Amino acid sequence: MSLRRTPLSNHHRELGAKMVDFAGWEMPIQYSSIISEHKSVREAAGIFDVSHMGQIFVKGSDAVKFLSFVTTWDMLRQKDGDCRYCHILNHKGQIIDDTIVYTISNTEYLLVPNASKIKEIMDWLLDNSNDFNVIIEDLSDSYFCLALQGPEAPRLLGQHLNTSVNSFQLETLNDVIVSGTGYTGEKGCEIIGPLDQVEIHWEALVDMGAIPIGLGARDTLRLEKGYLLSGQDFKGTETTLDTNYAWVIDWNHEFIGREALVLQKQSDYSKLSGILLEDKGVLRPGCSVYYNNNKVSELTSGSLSPILRKGIGLSYIDLDIDSEVTIEVRGKHLNGRVVRTPFL
Amino acid sequence: MSEVPDNLSYTKDHEWMLIDDDGKIRVGITDHAQDALSDVVFVELPEIGSKYSEGDAMAVAESVKAASDIYAPVSGEIVEVNDKLEESPELINESPYEFGWMVVMVPDKKLENSLDSESYRKLID
């Protein structure tokens, strides 16, 4: 099967990007260097083509009730223009996907699921919508998404669209949605709009100095902040409590998975924790973690923090913060410890 | 276009070798290899005095995305390692043929299976 491409594919190639298969899409993993792209986002502004991500619109008089039922958040608490990061769970409380829910109005919402989960989320939403007056539309193939991230991002947004957005707030400008969201932990925004407009925005922002950033640096940027990667940190069996993301749950409302989570809350369970390598080295997903010479877990994510210049990773582990562990990297045991995320 | 200096010998595993007058062989990875690896962030070098057979994994260069074995281009003993790579692994990217050298070996026998610059250029074309 051939890989899908965003309209910017040729731009990425012309910029010298190395392209890889990501969830069936041919996407840039890096243009010049993961390290320098990473630093550009932390120190200036980077631009990401994340048009592979999904856009599912939920409209109708029951949109608030419906989305409250199928996500961990009570959408009654959302005002027009609010964005909220939350999880979509199955009846066992296991994460199907994480998403940001955009409140365009109290009868129109936008969900942005991960590229690999669009179909599963669509099916799940449709299957659970029988009792609600809603229309659910997958418009992923008609919309682009660009993320503009970094301390300089608000200035560039102002220069480009003469607007500004607060954190987790959205503005609509004609048929474009600009939201104060992203996945890097930096200031910035995401711009979502009709696919045929993507080049205008990309070219303008790159001309103004935004540095193109690939998926490689997107991964190290999110990992430094302890953000989850779908298909890696959760892949079907992990609950929101397992991931240590209880803050995305509003317990005071009924939602799919709530019952299972209430039960889990009363028990002991391993939580996703940060692992910081004290020795020199790079952590990788799958590396084994040992405590008192016993294997206790494996890393779900692992890399090197370009800012800390230390190996960092995530692992489901039932140990206190600051516990000393060893991590097996290519047959050697390296010293590390359990830390709270974010790493920085 | 990757740089392939004419005065060096190469392996199909993208290592270069500089043969000194005294028969010692200085080893590093090629410009093509460093470019494919991208940012080298960690290098694990062998111990001085350790011996390897041709084709053994003797060192590791790690980038953000992956770890790559570096193979002994010839059987022999490690007599020097580039300690600077411990603090500055990026030297491999910045200066693959000079400051980014990895080890010096005393080979057990003369080089036989190496490629000259022209053959290596063809390999990576």
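**Pockets and an open sheet in a predicted model**

Good morning. The second largest pocket takes at least three lining residues from each of domain 1 (9-54 + 141-224) and domain 2 (56-138) of chain A, with domain bounds that come from an automatic or database domain assignment.

This is a predicted model, in which local features need pLDDT of at least 70 and side-chain atom pairs count only at pLDDT 80 or more, while totals for chains, interfaces and linings use all residues. Residues are numbered from 1 along each chain as its sequence is written, chains are lettered from A and ligands numbered from 1 in the order in which they are written, and side-chain values use heavy atoms, with hydrogens and water left out.

A pocket here is an open set of points on a 1 Å grid over the protein atoms alone, where a 1.4 Å probe fits, with protein on both sides within 12 Å along at least five of seven lines; lining residues have an atom within 4 Å of a point.

The second largest pocket holds about 490 Å³ of space, the volume being that filled by probe spheres set on points joined across faces, edges and corners. Its lining comprises 26 residues, and Ser167(A), Phe168(A), Gly180(A), Thr181(A) and Gly182(A) lie closest to the centre. Strand 5 (83-89), helix 5 (153-161) and strand 12 (188-194) of chain A each give two or more residues to this lining; helices (H or I, at least four residues) and strands (E, at least two) are DSSP runs, numbered from the N terminus.

I turn to the largest pocket, with about 700 Å³ of space. Of its 37 lining residues, Phe22(A), Asn114(A), Arg218(A), Asp219(A) and Leu229(A) are the closest to the centre. Helix 7 of chain A contributes the most to this lining, namely 7 residues.

Next, the sheet. Which order do the 5 strands of the open sheet in chain A follow? The order is 5-6-7-4-8, with antiparallel pairing, where two strands pair if DSSP finds at least two bridges between them. Strand 5 and strand 8 (135-138) of chain A each have a single partner strand and stand at the edges, so one side of each lacks a neighbour in the sheet. Within the sheet, strand 6 and strand 7 (residues 108-112) of chain A are joined in the antiparallel sense over 5 bridges. Tyr102(A) is placed opposite Leu110(A) of strand 7 of chain A.

Finally, confidence. Chain B has a mean pLDDT (the predictor's confidence in each residue, from 0 to 100) of 95, and 100% of its residues reach 70 or more.
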